[in-house]
Amino acid sequence: MSASLAHPRFAEALRALGLHDVEVRRFPDATRTAAQAAAAIGCDPSEIVKSLVFAADGVPVLVLMDGSSRVDVERVRRELGAGAVTRADADLVRRTTGYAIGGVPPFGHATATRVLADRGLLDHEVVWAAAGTPHTVFPLDPETLIAHAGGTLADVRERTA
């Protein structure tokens, strides 16, 4: 499998970043949710990277979170020093990233956006993220993925009781 299976914008981002050896996998069924992706790949949901767009005081921000956790919006607000943080709607996600919800990759976006990466992603040797479509994913070590996304490490996951 090759980068040519990815969304064209994302395939170009891989080339531009020198990530020529990244294996993009395409699945016949959607891998739009972390559970679907984990089942298709055969990995734990925590090894899936969710690329989630929020609006911090109206400004888009991307949060990279593992697939078994939820984002704590209050922690994101504090991390950014924002007055309010809300989940972005589908239109804002597409305008910001160039991709539809369920296929948003961690980098290769239409606009430059601030990125927070939850520290828990570093618990894995390899993580899987969307390659620009709801049917494609790619593996990468989390440090490299976060670096190419321009991410700042933060603790933004919900705490479990």
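**Salt bridges and a buried phenylalanine**

Arg 15 and Glu 12 sit 3 residues apart, about one turn, in helix H1 (residues 8-16); helices (H or I, at least four residues) and strands (E, at least two) are DSSP runs numbered from the N terminus. This is a predicted model, in which local features need pLDDT of at least 70 and side-chain atom pairs count only at pLDDT 80 or more, while totals for chains, interfaces and linings use all residues. Residues are numbered from 1 along each chain as its sequence is written, and side-chain values use heavy atoms, with hydrogens and water left out.

**Salt bridges within helices**

- The structure holds 9 salt bridges, each defined as a side-chain nitrogen of Lys or Arg within 4 Å of a carboxyl oxygen of Asp or Glu.
- One of them joins Arg 15 to Glu 12, with 3.2 Å between the closest N and O atoms.
- Arg 15 is partly exposed at a relative accessible area of 44%, and Glu 12 is partly exposed at 42%; buried means under 20% relative accessible area, exposed over 50%, and partly exposed in between (1.4 Å probe, protein chains only).
- Arg 77 and Glu 74 also form a salt bridge, their closest N and O atoms being 2.7 Å apart.
- Both Arg 77 and Glu 74 belong to helix H3, where they are 3 residues apart, about one turn of the helix.
- Arg 77 has a relative accessible area of 25% and is partly exposed; Glu 74, at 34%, is partly exposed.

- A salt bridge of 3.5 Å, N to O, connects the side chains of Arg 70 and Glu 158.
- This pair links distant parts of the chain, 88 residues apart: Arg 70 is in the loop between strand E3 (59-66) and helix H3 (73-80), and Glu 158 is in the segment after strand E8 (151-154).
- Arg 70 is exposed, with a relative accessible area of 57%, whereas Glu 158 is partly exposed at 33%.

**Phe 107**

- Phe 107 lies in the loop between helix H4 (90-97) and strand E5 (114-118).
- Phe 107 counts as buried because its relative accessibility is 4%.
- Beyond its neighbours within four places in sequence, Phe 107 is in contact with Phe 10, Ala 13, Leu 14, Leu 17, Leu 19, Phe 138, Leu 145, His 148 and Ala 149, where contact means heavy atoms within 4.5 Å.
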